[in-house]
Amino acid sequence: MMIKPDAVERGLIGKILNDISEAGFEIISLKLTHLSIDEAKSFYSVHKDRPFFNDLTQYMSRSPIVAAVLKKENAVSEFRNLIGDTDPVNAKEGTIRAKYAISKGENSVHGSDSNENAEIESIFHFPN
Ligand code: GDP
């Protein structure tokens, strides 16, 4: 998972990590980092042909993020339930995006969408 720039900028790292812990996730790896524009483009390369790709990569590289690897039974689907819909307008009450996201683009958190991508993204942030 990542805590994205809009949330780090607003001082929400502690609140979001607390929500994650209270939902029963174990934090396996954790770091504060700052993606370069090329790293943001690489991370989101699946979206390279989408109209929002430029906005997304500018946003993700404009200030620091937190990257973490989490552990829980059915972690991928459980975490996506915890964060809610991509667009906070559609996110269920109590989800992280409903509570903190600014917009569909600046939506405070990232969660992997499959076990396969969770592995790829873990290695992206924690290669050693
Ligand atoms: P996620 O799996 O819920 O994060 O959503 P997606 O994989 O569809 O999109 C990846 C990320 O791209 C989202 O979390 C948003 O930050 C961003 N994004 C998606 N759709 C839009 C959009 O329509 N406009 C903008 N500006 N950003 C978007």
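On a 1 Å grid over the protein atoms alone, a pocket is an open set of points where a 1.4 Å probe fits, with protein on both sides within 12 Å along at least five of seven lines, and its lining residues have an atom within 4 Å of a point. Grid points are joined across faces, edges and corners, and a volume is the space filled by probe spheres set on the points. The model is predicted, and totals for linings use all residues. Residues are numbered from 1 along each chain as its sequence is written.

**Exercise 1.** Describe the largest pocket by its volume and by the classes of its lining residues.

*Solution.* Begin with the volume, which is about 750 Å³. Next, take the 26 lining residues, of which Lys4, Tyr44, His47, Phe52 and Leu56 are the closest to the centre. Then turn to the elements (helices, H or I, of at least four residues and strands, E, of at least two, as DSSP runs numbered from the N terminus): helices H3 (37–43), H4 (53–60) and H7 (115–125) each give two or more residues, and H7 has the largest share, with four.

**Exercise 2.** Describe the second largest pocket by its volume and by the classes of its lining residues.

*Solution.* The volume is about 290 Å³. Among the 18 lining residues, Met1, Val69, Leu70, Ser112 and Ala118 are the closest to the centre. Strand E3 (65–71), helix H5 (75–83) and H7 each supply two or more residues, with H7 giving the most, four. By class, the lining has twelve nonpolar, five polar and one charged residues.

Key
Predicted model: local features only at pLDDT ≥ 70, side-chain atom pairs only at ≥ 80, totals over all residues. Heavy atoms only, no water. Nonpolar A, V, L, I, M, F, W, Y, C, P; charged D, E, K, R; others polar.
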